[in-house]
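Student: I would like a close look at one part of this model, the aromatic rings and their contacts. Please keep to geometry and accessibility.

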Amino acid sequence: MGRNASLDPDDWDALRAQGHRMLDDMVDYLQTLRERPAWTPIPQEVRDRHHTPLPTGPMDLAEAHRLFLDDVAAYPGANLHPGFMGWVQGGGTPVGMLAEMLAGGLNANLGGRNHMPIAIEAEVAGWARQMFGFPETAGGLFVTGASMANFIGVLVARNQALTPAVRRTGLAADGRRLTAYASTGAHSCVTRAMEMAGLGSDALRLIGVDADRRIDLGALAAAIAADRATGFTPFLLVGSAGTVDVGAIDDLAALADLADTEGLWLHVDGAFGAMGMLAPAIAPRLKGLERADSIALDFHKWAQVPYDAGFVMVRDGAAQRATFATAAAYLQRETRGLAAGGWWPCDDGPDLSRGFRALKTWFTFKVLGADAIGAMIEHTCALARDLEAKVRASNQLALLAPAQLNIVCFRYQPEDKDADVDALTHAIVARMHENGVVAPSLTRIDGQAAIRAAIFNHRTETRDIEALVREAISLGDELSGARA
Ligand SMILES: *Cc1c(COP(=O)(O)O)cnc(C)c1O
């Protein structure tokens, strides 16, 4: 056993050598992604190896790493792979991975206090303010993901509507019944945010969409008027900048106008779409985003920063602080020393202890540059348009949702008019996953099961789009019995 209670190694040279091997293994892994299947079913014996009691004694680092390679890295969730086009997930980058290692080494706690990691988070927040045209006084905070960022947006809006006194009195003390509005295409985390904020999901009015699946502005105005007439208090509009199903962008400028005239808070869920600001062809379609009161976004989706790197921006930074800041004695601010520091991020959200998510984002933008990230974003949209064209050109495939951004929904259309196409679509996608070449997901469009190709991976190429079309047709033929 060690000579003292410290958990540092006795043999630093051995640690260094093993650490270098681990780094080399992971670089090899990233360099050869395409040689492995996108997804591999997990053998039962591998799962069985991981029901173990609490390890009370030590294991050699090399042995633990071997377990990692054999049992964990061999069965990933596919989002690194060029053939992954399933869900709205980023692919990560080698630069981001290295930054994560450095952040782990520093083990910084970004709740507050006087250290340089906080200044790096502030620096990245400044980049986000610049990206979205927000003022210097806007708040910007890393969080786990857009689910949390949307929740924070709802909480700040709620506290503005009810005044920060609601923190003391609770919701019940205020008799008003607050209502919020989003389209039926809004992400389910917006509903959850309403539940968690104590407002209830019934208070979220889900408004229908137009032909482009954007919120129907006429129906929205009518719903607000009807609620006012029946004693509700509208307080919040939630716009979508890129819906999760089809990538629709609400008319954000019109929502900003409506929010102005109705006196409502405009929160925009830009989980992935907000990063479109980096792509010159997409940015104009986000017009109005710069007028939002708050924005939820993820650096870990289209911008490919490793998980997790969600972010929330609030135009009125003071309103954000008024929602969360406390005056506990152990969080006392000093003017000098380690307990000083101007900005304590714990004032701006629910977390006290916080990791250094900003560092991998900082490295990603510093090393790759925002222009390259924007070009990659545009490329994923070009691939989606290519897929859409291929689906349109095939008489065996039916387009269910065109490429508004980087998401296309379609399905195989069997000749037999009585066939259960929904069941067939599910079977095709399951077989695609098992084949491990491409990994799209399933969704429903207008009540019909659809193959959903969400092209977020910066490694995806034209050949992957071709493979998707090829597999959709050949599996469709095989599973529908159309193959001669
Ligand atoms: C992914 C996504 C979310 C949820 O974000 P997480 O980072 O997974 O918490 C919310 N809204 C949209 C539109 C999304 O694509």
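Which ring does the charged end of arginine 315 sit over, and how far is it from the ring centre?

Tutor: The ring is that of phenylalanine 134, with the charged end of arginine 315 at 4.4 Å from its centre. A charge sits over a ring if NZ of Lys or CZ of Arg is within 6 Å of the ring centre and within 35 degrees of the ring normal. Arginine 36 likewise has its charged end over the ring of tyrosine 29, 4.0 Å from the centre.

The model is predicted: local features need pLDDT of at least 70 and side-chain atom pairs pLDDT 80 or more, while totals for chains, interfaces and linings use all residues. Residues are numbered from 1 along each chain as its sequence is written, and side-chain values use heavy atoms, without hydrogens and water.

Ring pairs come next. Rings of Phe, Tyr and Trp (its six-membered ring) pair if their centres lie within 6.5 Å; planes under 30 degrees apart are stacked, over 60 edge-to-face, and the rest tilted. The count is 10 aromatic pairs. One of them, tryptophan 127 with phenylalanine 365, is tilted, at 6.2 Å between centres and 45 degrees between planes. Tryptophan 127, at 22% relative accessibility, is partly exposed, whereas phenylalanine 365, at 10%, is buried (buried is under 20% relative accessible area, exposed over 50%, partly exposed in between, with a 1.4 Å probe and protein chains only). Phenylalanine 299 and phenylalanine 311 are edge-to-face because their planes stand at 70 degrees, with centres 5.6 Å apart. Phenylalanine 299 is buried at 1%, and phenylalanine 311 is buried at 0%. Trp127, Phe142, Phe299, Phe311 and Phe365 form one aromatic cluster.
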